[in-house]
Amino acid sequence: MSLKGKRIGFGLTGSHCTYDAVFPEIERLVNEGAEVLPVVTFTVQNTETRFGKGEDWIQRIEDLTGNKVIDSIVKAEPLGPKIPLDCMVIAPLTGSSMSKFANAMTDSPVLMAAKATLRNHKPVVLGISTNDALGLNGVNLMRLMATKNIYFIPYGQDDPVKKPNSMVARMTQLSDTVEMAMEGKQLQPVIIERYKD
């Protein structure tokens with residue numbers, strides 16, 4: 001399936017260490033002809049880390065997509081009825097946002113955009129990046145995996161020795177996952193090996 005002319009929401013949550021892996025994939029979507037609407041959490045907007053300042057990441061995604069970020073719940077709500085998306089991507093998806101999404105909490109622009117997309121029976125693609133996917137958050141991960149119209153970028157343990165509960169998506173498969181999701185299919189295998197000795 002071609003992504004040309006498709007309207008894709010792209011949500012960023014606060015896994016700052018993952019942005020360098022995600023931004024080339026946003027560029028790929030744009031280069032494939034998709035209209036990408038960026039959506040950010042309050043954490044992305046207001047946090048400065050060793051990986052960069054929120055304002056710099058926002059500027060970068062706006063430059064890349066040619067669209068202003070959707071940075072409030074009020075601005076995200078129209079992505080359901082008035083500005084419907086063909087697909088909503090959240091990558092990276094932190095454990096905190098994953099927990100909220102699995103439990104129907106829409107307290108950020110990104111989660112509101114995802115809820116609005118599901119309301120329209122359109123796919124939501126998740127690229128997890130969480131230190132507790134195999135810990136306390138495991139129940140939320142499985143709840144989302146069992147939910148209709150939610151699809152996952154293939155993911156696996158990134159460091160089973162030092163961080164045995166941590167799992168991260170293979171972001172290079174983002175575009176392929178989106179294409180399959182828009183056909184109603186999960187890219188397989190969804191559980192992959194990410195760690196190499």
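Is T18 buried or exposed? T18 is buried, with a relative accessible area of 7%, where buried means under 20% relative accessible area, exposed over 50% and partly exposed in between, for a 1.4 Å probe and protein chains only.

The model is predicted, so local features need pLDDT of at least 70 and side-chain atom pairs count only at pLDDT 80 or more, while totals for chains, interfaces and linings use all residues. Residues are numbered from 1 along each chain as its sequence is written, and side-chain values use heavy atoms, with hydrogens and water left out.

**View A. The surroundings of T18.** T18 lies in the loop that runs between strand 1 (7-12) and helix 1 (19-31); helices (H or I, at least four residues) and strands (E, at least two) are DSSP runs, numbered from the N terminus. Leaving aside residues up to four places away in sequence, T18 touches P92, S129 and M171, a contact being heavy atoms within 4.5 Å.

**View B. The buried residues of helix 8.** In helix 8 (residues 174-181), the buried residues are L174, S175, T177, V178 and A181. Seen down the helix axis, they fall within an arc of 160 degrees, so they line one face of helix 8; the arc is that of the directions from the axis to the C-beta atoms. Among the elements that cover these residues are strand 1, helix 1 and strand 5 (87-93).

**View C. The contact of helix 5 with helix 7.** M98, S99, F101 and A102 in helix 5 meet N140, L141, R143 and L144 in helix 7.
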